[in-house]
Amino acid sequence: MTSTLAQDIKAAAALLADAHDVTLLGHVRPDADALGSALALGRVLHQRGATVRVSFSEPAEAPETLRGLDVGGLLVPPGRLPETEPLLIALDTPTLGRLGALGARVATGKAAGGSVLVIDHHATNARYGTHHVVDETAEATAVLVFRLLEELGAELDEPTARCLYAGLVTDTSGFRRASPGAHLMAARLLEAGVNPDEVVRTVMEDHPFAWLPMLSAVLAGARLEPEAAQGFGLAHAVVRAEVAASVRVEEVESVIDVVRSTRDAGVAVVLKEAGPLAHGSRWQVSLRSTGRVDVSAAAAELGGGGHRLAAGCTTEGTSDEVLDRLRAALGRAPLL
Ligand code: MN
């Protein structure tokens, strides 16, 4: 018999109620939802007396815009984690691969008799834990953590609420894809003291001036292919490594939000050069859909994943080869 989400939340809360030593992990290149969710839950467990560490495998440091969320200093580099822990919690991470080098800890932990709780909202979640709170209809992992904290009867202080708000506001693209339930959750977070303007400015809109010349260089090379993506149109742009080197990862990640505002394109794609290879380069690819084309299917074809309207993958080749593969995959992606 498959359990319901409410039963899963109860089981997870029972597991957390006794937790005394917990490691919380976000996916590689963590975003506000992964890190905010991990820090919010970690903070509450720490306040209840547990030893808590929050970590992710790469890059070496958290994005600058998210560091302010770690008020209690819970972030620990992967090298400083213990051999194994009785309770491992993976957040916003659909597959072991998305944990990067830290994915191996899941098997190690299970073999040592530990529990692994997976909290996630990706449809592609592989349910690799011993306990799961997985709901693809949740707008953010932060929504599921909020429900778990309610089940635990936890008090939300401002730093905890701020972590959850950061995940919620980013994963809903500023509440554009937020259900009434998510708005009610936001109201509770504001009541706990969150300053929404400050969170949004810090997490989503805080760029150095170097952002503008970087955007200018990248957008000058943007192209529109009206016939691509099954006639819904494809807009794409390429961020070369030398251009990316002039700014932080936050500025590079912002490019897709500009490209996806193009009215003529049902799909937006940004290729971010991660490193040179003997032939071509390694690319991190962001895909966004305005609602007609399922971009998670196209990303999955290239070994990635994500959500129907926002997905990504890592792939290799020249930018032209990668674009060819994307055109082909978008040409046969399911329509929504
Ligand atoms: Mn998320």
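User: Thanks! Which residues is Ile119 in contact with, leaving aside neighbours within four places in sequence?
Analyst: Ile119 is in contact with Leu41, Ile89, Ala90, Leu91, Asp92, Val133, Thr141, Leu144, Val145 and Leu148. Contact here means heavy atoms within 4.5 Å.

User: What should I keep in mind about the numbering and the model?
Analyst: This is a predicted model: local features need pLDDT of at least 70, side-chain atom pairs count only at pLDDT 80 or more, and totals for chains, interfaces and linings use all residues. Residues are numbered from 1 along each chain as its sequence is written, and side-chain values use heavy atoms, with hydrogens and water left out.

User: Got it. Which members of the largest nonpolar core touch the most other members?
Analyst: Those are Leu41, Ile89, Ile119 and Leu164, in a core of 60 residues. A nonpolar core is a set of buried Ala, Val, Leu, Ile, Met, Phe, Trp, Tyr and Cys residues joined through side-chain atoms within 4.5 Å. Buried means under 20% relative accessible area, exposed is over 50%, and partly exposed is in between, with a 1.4 Å probe and protein chains only. Another core lies apart from this one, with 22 residues, among them Val285, Ala299, Ala311 and Leu326.

User: How many residues of domain 1 are in contact with domain 2?
Analyst: Ten residues of domain 1 are in contact with nine residues of domain 2. Domain 1 spans 5-204 and domain 2 spans 211-332, with bounds that come from an automatic or database domain assignment. Taken over C-alpha atoms, the two domain centres are separated by 27 Å.

User: Switching to the metal: which residues are the protein donors of the manganese ion?
Analyst: Asp33 (OD), Asp92 (OD), His121 (NE2) and Asp171 (OD), lying 2.1 to 2.3 Å from the ion. Donors are N, O and S atoms within 2.8 Å of the metal (3.2 Å for Na, K and Ca); water is not among the atoms, so sites may look incomplete. Along the chain the donors follow the spacing D-x58-D-x28-H-x49-D. Helices (H or I, at least four residues) and strands (E, at least two) are DSSP runs, numbered from the N terminus.

User: Are Asp92 and His121 buried or exposed?
Analyst: Both Asp92 and His121 are buried.

User: You mentioned H4. Which of its residues are buried?
Analyst: Arg105, Val106 and Gly109. They cover an arc of only 105° around the axis, which puts them on the same side of H4; the arc is that of the directions from the helix axis to the C-beta atoms. The buried residues of H4 pack against S3 and S4. The face turned away carries the exposed residues Ala104, Ala107 and Ala111.

User: What does Gly109 touch, not counting residues up to four places away in sequence?
Analyst: Gly109 touches Thr84 and Gly114. Its relative accessible area is 4%. After H4 comes Gly113, with a positive phi near 85°.

User: Where do Tyr165 and Phe175 lie?
Analyst: Tyr165 lies in helix H6 (residues 158-171) and Phe175 in the loop between H6 and helix H7 (180-191), so the pair ties together parts that are ten residues apart in sequence. Both Tyr165 and Phe175 are buried.
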